[in-house]
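Here is a friendly tour of a predicted model. Please have a look at the structure first, and then read on.

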Amino acid sequence: MKQIARSSVVDAVVDQLRQRIHNGTWPVGMKIPTEVKLIEMLGVSRPSLREAVRSLVQLGLLETRQGDGTYVVAKDEVKVVLQNVMRAADSDEVTSVRHSLDLLAAAQAARRRTDDDVAELRAALDGRRAAVRDGDIDAFVDHDVAFHVGIAQVSRNSLLSSLYQSFEGVLRDSIRQFNDPVVVDDPSNEMHERILLAIERADAEAATVAARGLLEAHPHDESRSVND
């Protein structure tokens, strides 16, 4: 019988730990069990466990804090990699790619949305309007991001959703930069409403047209208009 290589054991441990992170057993922000406990749970050697944990730290899913323990800091290593790429990329290139994803997400969301999806997107838009009314920039950013990221999630395309979520940090910074302070007169509200109504009607063509209209009106940042 062929002996199992140590690297295979490490890979198996990585897979088990990653699965706990991906399925939410260990949510972001949680301190994972101690080394002793994990060795007991998994039945592996200390060196194998440490190597596996090191691999997940390098992937950006875990973070070891000296004297405290190891914490989950991200759920999706693909998102971590993409976010790092976003930080290093030219801002115009980032904007161009995100806008292309906006069109694709709107069309696919219209084809695949459920009534519950529409209700969640509606709640995000209602929250956005309330934030404008109250002059609350933090709430405005949260709800605006929730609307756009939500559309990508409604598309039921996991790769598209991961790609779009990688833009979340850039999107938040952009929205805050061009909308602080927020003002009551927000002409982009109507454009967002058109996108949502098209998705609600399951009209992919209209959703794409509405998303393109928002982007063409504000080519550098769709939310710039509230301060123009």
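## A pocket and its lining

Helix 3 gives the largest share of the lining of the second largest pocket, five residues. Helices (H or I, at least four residues) and strands (E, at least two) are DSSP runs, numbered from the N terminus. The volume of this second largest pocket is about 250 Å³. Of its 14 lining residues, Ile-32, Glu-35, Val-53, Thr-64 and Thr-70 are the closest to the centre. A pocket here is an open set of points on a 1 Å grid over the protein atoms alone, where a 1.4 Å probe fits, with protein on both sides within 12 Å along at least five of seven lines; lining residues have an atom within 4 Å of a point.

| Element | Residues |
|---|---|
| Helix 2 | 35–42 |
| Helix 3 | 46–59 |
| Strand 2 | 69–72 |

Now to Asp-102, which lies in helix 5 (residues 91–112). Asp-102 counts as buried because its relative accessibility is 10%, buried being under 20% relative accessible area (1.4 Å probe, protein chains only).

Residues are numbered from 1 along each chain as its sequence is written, and side-chain values use heavy atoms, with hydrogens and water left out.

How values were computed: Predicted model: local features only at pLDDT ≥ 70, side-chain atom pairs only at ≥ 80, totals over all residues. Buried < 20%, exposed > 50% of the residue type's maximum accessible area, 1.4 Å probe, protein only. Points joined across faces, edges and corners; volume = space filled by probe spheres on them.
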